[in-house]
Amino acid sequence: MLGTHSLTQLFARSPIKPLQEHMGSVVSCAEHVIEFFKASNNGDWQRAAECYQYIKKLENQADDEKKQIRLQLPRSLFMAIPRNDLLTMVSHQDKVANISKDIAGLMLGREMQFPESMRDDVMFFVESALAVVWKAKNVIDELDELLETGFSGKEVETVKRLVSTLGHLEHDNDDIEIKIRAQLRKLEAKLPPVDVVFMYKIIDQIGKLANSAQKVGDHVHVIVAR
Amino acid sequence: MILIAEYGHILIILACMFGFFVAWGLGANDVANAMATSVGSRALTIRQALMIAVVFEFAGAYLAGGEVTSTISKGMIDASMISPDLLVLGMLASMLATGIWLLLASLKGWPVSTTHTIVGAIVGFAAVGVGVDSVHWGKIGGIALSWVLSPALAGIIAFMLFRSVQMFILSADDPFAKAQKLVPFYMFYAGFFVSLLIMLKGLKHVGVDLEAWQSIAIAVLIATAVALFGKFLLTRVKPSSDEKASRFADVERVFAVLMIFSACAMAFAHGSNDVSNAVGPLAAIVGVVGSGKIAAQTAVPSWVLLLGAVGLVTGLVTLGYKVIATIGKKITELTPSRGFAAELAASSTVVMASAFGIPLSTTHALVGAILGVGMARGIGAIDLRVVGSIFATWIITLPAGATLSIIFFFMFKGMFAG
């Protein structure tokens, strides 16, 4: 009998849950890079191809979720977290998934393997990048608690500590990258030059993966600092 | 005069019917707005909301509706410039116009304010049907100003209330314990406002007349009793398991108890301000037919308020509960810690207005309060287009009320005096 009542439409859906779900997809996507490296190090290119397919699927899923989030954020929404900040966080999150796909895709295409002496260190490098991604997810998971407290008090301290840890993890990742580059430099003269160029590119990408993840968490810091 | 002499009884019966019709419409539709936040935040079940609404809307209407009813019935027009016959017909037309507009809006789901409708209707028939000078434009201007100021005031109060919750409870190390300790103060606030209004304005029917200081003192006592009762209720809220996920869920359950009180305040405030929309004109008609002329100082008869209150409750139990259920189900993003702030702020604003006899829209006050909580970063996302459309309805409602009222006025004029 009655049409949709306006008061019900007053409360728009909070954008935090979709943001957290997107981060979940992104993290799943990035995690499989480790699996991929394990397979590629062993020369198991079939398994590596499977990993790549899975990563690609998750990256597409994250892409769709990102588009949904953007569609559901019209300028007419008055939100506790400013619209631009939300969109920036989604972009940074999505970049993590994109880079994951790029890394796996490039390595698969060239059936790339790092020199045997470097493989364990490279794995350590990848795992340290993932640590940054997981920590960023912790920060994003705190968003609904932040909203509940109205961005004040003890919860803000918790988030600030998490973001600080996130920063340290990213610095560690940077340091490891420098070491890896140094290792490769020592070996590069004996390796096919084209392969070496692409190895540097992959190292660069792994560093960027951690960087993007850190930017996500950092942006939350910007939000609570207001 | 001839009209009244000949048709006096019919007119009164007609007026009662129309008044009841509008009151019924209010209960069926408007009350849902007042109870929306309580049900939407899941602090109350539909049943609990209905029971609170029935009791407190009735109380608000009967015990505290007199001042606003007085304004509607004779505060807006200059009675000396309108012949009694025309006044009666005009008031009948206004009630019918309001009832029909409310019915139409309910069917279509438009968020219209009955207050705006009745004011538009009365100003309409008086200005067009009688003459522009018959309207107290100064008073109308004041009322219109309060329509703009009340959502702003409600917003400010809501902002401060929620800020205080943030600062003293939510950001504490043990929010649950802090909530248990401090929520009774908010209960006191709710109880105080409602009691004060009843003491100051509502006991004349019962024959009790108090000095201002006595009213305040009694209100303080009642509010204290309310707070103590609330504290007792809170002891029955126990913290659940220690998982982080439920840390704030426990705090919200404490606020859910507080929402019982803010829902009562909301229902009371709504009843006190909106019953006038239905029976204000009826009171005017009764006054005129009874005394044969328009006496500026006649008090509103109790039975008129009673009729309004009964009509309200009837509308509530026949149809209103369904609307409340629908709205409640659809609101998913509101928690008690936010809901109570919006409700207390809106009800304080409306209660103050009722005390001074100012008719305003409870819905607008509530929307203003919700915006206030949003400004304190308490709500995830508010759709400002919806806010705009709710606030903009007066642009349509005022002329619509006026137009319908004018049409019916000339219709009645033709029927009875032709």
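User: In what order do the elements of chain A run from the N terminus on?

Analyst: In this predicted model, the elements of chain A run α-α-α-β-α-α-α-α-α from the N terminus on, and the count for chain A is eight helices and one strand.

User: What makes a stretch of chain B count as a helix or a strand, and how many of each does chain B have?

Analyst: A helix has to be a DSSP run of at least four residues and a strand a run of at least two; on that basis chain B has 13 helices and one strand. Read along the sequence, the pattern of chain B is α-α-α-α-α-α-α-α-α-α-α-α-β-α.

User: Why are β1 of chain A and β1(B) called paired strands?

Analyst: Two strands pair if DSSP finds at least two bridges between them; three bridges join β1 (residues 77-79) of chain A to β1(B), so this pair meets the rule. The two strands run antiparallel, and Phe78(A) stands opposite Ile382(B) in β1(B).

User: What makes up the contact between the chains, and which element of chain B gives the most to it?

Analyst: Residues count as being in contact when their C-beta atoms, placed from the backbone, lie within 7 Å, and the contact takes 39 residues from chain B and 30 residues from chain A. On the side of chain B that touches chain A, the elements that give two or more residues include α1 (2-40), β1 (381-383) and α13 (384-417) of chain B, and α13(B) gives the most, with six residues. By class, that side of chain B has 22 nonpolar, 10 polar and seven charged residues.

User: How do you know that the radius of gyration of chain B agrees with that of a compact globule?

Analyst: For 418 residues, a compact globule would have a radius of gyration near 22 Å, and chain B has 22 Å, so the two agree. Along its principal axes, the C-alpha trace of chain B spans about 80 × 45 × 35 Å.

User: What makes a residue count as buried, and what share of each chain does?

Analyst: A residue is buried if 20 or more other C-beta atoms lie within 10 Å of its own; by that cut-off, 60% of the 418 residues of chain B count as buried, while for the 226 residues of chain A the share is 41%. The C-alpha atoms of chain A fill a box of roughly 75 × 40 × 20 Å, taken along the principal axes.

User: What share of the contacts in chain A with a separation of 6 or more joins residues 24 or more positions apart?

Analyst: In chain A, such residues account for 85% of those contacts.

How values were computed. Residues are numbered from 1 along each chain as its sequence is written. Chains are lettered from A and ligands numbered from 1 in the order in which they are written. This is a predicted model: local features need pLDDT of at least 70, side-chain atom pairs count only at pLDDT 80 or more; totals for chains, interfaces and linings use all residues. Two residues are in contact if their C-beta atoms, placed from the backbone, lie within 7 Å. Ala, Val, Leu, Ile, Met, Phe, Trp, Tyr, Cys and Pro count as nonpolar, Asp, Glu, Lys and Arg as charged, and the others, Gly among them, as polar. The radius of gyration is taken over C-alpha atoms; the globule rule is 2.2 Å times the number of residues to the power 0.38. A residue is buried if 20 or more other C-beta atoms lie within 10 Å of its own, exposed if 12 or fewer, and partly exposed in between; C-beta atoms are placed from the backbone.
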